[in-house]
Amino acid sequence: MNSKLILLIFVLVPSLMKAQVHCGAVSFEPNVPVAVNLTFDSFSQYEAGITINNVATLRLRVEDQAIPDPDCKWFLHMEVDNNPGGGTSSDEWETLTTYGSGTGNKPSLDILQIRVRNNCQTSPIDGIFQNFSNSGDILDIIADLLPLTTAGSCTTNVNGPGNYQGNYSEYTFSIDVRVRPGYDFNPGVYELNVRFHLEEQM
């Protein structure tokens, strides 16, 4: 095999910058993008795929107001963006360049699988690989509009004030990625953005 399929995943961890109503600070620490470069250049890689564990670590800080508010809750989700405004089909990776004739298929979004996990299995999708179908798809890690589950309980859907320093096992999430492209895609360089969004629940 003399042509490569290179998939670039930019895992972004932006926090929402808007006024908080019930909570104080709501943030990722640190808040920096993580770039992942997956290169497929052998038949075994195409067949088995590539898995990278701990490609990113989300550390959350959700502070209460100076006077504690029983309505301080948060939610966390991930969404995919393939630059559809640039002409990319909603179910494909964005093409940066192609090799050879360029007559093969473009990689589809569903070949990317993402797993979220932490020690308390805080998310209902903990430890289960998830995938996206179309640009703009959203997958909940901790869903919006849930009743308050306080920190320290080490259970599913913890969403009250707390932070990765005091409640590491609940407010820290490890992100793993797996890509299984198969043989049907045109060799080239493709890009995809996955964004993690943390926000106060209103």
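Predicted model: local features only at pLDDT ≥ 70, side-chain atom pairs only at ≥ 80, totals over all residues.
**The whole chain**

Begin with the complete protein in cartoon view. There are two helices and twelve strands. Starting at the N terminus, the order of elements is β-β-β-α-β-β-β-β-β-β-β-α-β-β. Along its principal axes, the C-alpha trace spans about 65 × 35 × 25 Å.

Of the 202 residues in the protein, 46% are buried. If you draw the contacts with a separation of 6 or more, 75% of them are between residues 24 or more positions apart.

Select the bonded cysteines. How many disulfides does the protein have? The count is two. With the bonded cysteines numbered in sequence order, the pairing is 1-2, 3-4.

Zoom in on C23 and C72, which are joined by a disulfide with an S to S distance of 2.0 Å. The pair links distant parts of the chain, 49 residues apart. C23 is in strand β2, residues 23-28, while C72 is in the loop between β4 (50-64) and β5 (74-81). The torsion about the S-S bond of C23 and C72 is about 115°, so this disulfide is right-handed.

Are the two ends buried or exposed? C23 is buried, at 1% relative accessibility. C72 is buried too, with a relative accessible area of 1%.

**E200, beside C23**

The side chain of E200 reaches the backbone nitrogen of C23 at 3.2 Å. E200 has a relative accessibility of 1%, which is under the 20% limit, so this residue counts as buried.

To see what surrounds E200, show its contacts and leave aside neighbours within four places in sequence. The list is Q20, V21, H22, C23, V26, K73, W74 and F75.

For a distance to display, pick the C-alpha atoms of A25 and Y168. These residues are 143 residues apart in sequence and 17 Å apart in space.

Move to C120 and C154, where a disulfide has an S to S distance of 1.9 Å. The link of C120 and C154 is left-handed, with -100° about the S-S bond. This pair also connects distant parts of the chain, 34 residues apart. C120 is in the loop between β7 (112-117) and β8 (130-131). C154 is in the loop between β9 (138-142) and β10 (162-163).

The two cysteines fall into separate accessibility classes. C120 is buried, with a relative accessible area of 9%, whereas C154 is partly exposed at 40% relative accessibility.

Select β7. Five of its six residues are buried, so β7 is largely enclosed by the rest of the structure.

Which strand is joined to β7 by six bridges? The partner is β11, residues 172-179, and the two strands run antiparallel.

**The nonpolar core**

In soluble globular proteins, nonpolar side chains tend to be buried together. In this model, the largest nonpolar core has 46 residues. Which of its residues touch the most other members? They are L76 and M78. The largest share of this core comes from β4, with six residues.

Finish at M78 and display its contacts, again leaving aside neighbours within four places in sequence. M78 is in contact with I114, V116, I125, F132, D137, I138, L139, I141, V194, R195 and F196.

Key
Residues numbered from 1 in each chain as written. Heavy atoms only, no water. Disulfide = S-S within 2.5 Å. Helix = DSSP H or I, 4+ residues; strand = E, 2+ residues; numbered from the N terminus. Buried < 20%, exposed > 50% of the residue type's maximum accessible area, 1.4 Å probe, protein only. Core = buried A, V, L, I, M, F, W, Y, C linked by side-chain atoms within 4.5 Å. Contact = heavy atoms within 4.5 Å. Polar contact = N/O pair within 3.5 Å; in protein donor to acceptor, adjacent residues only side chain to side chain. Pairing = 2+ DSSP bridges.
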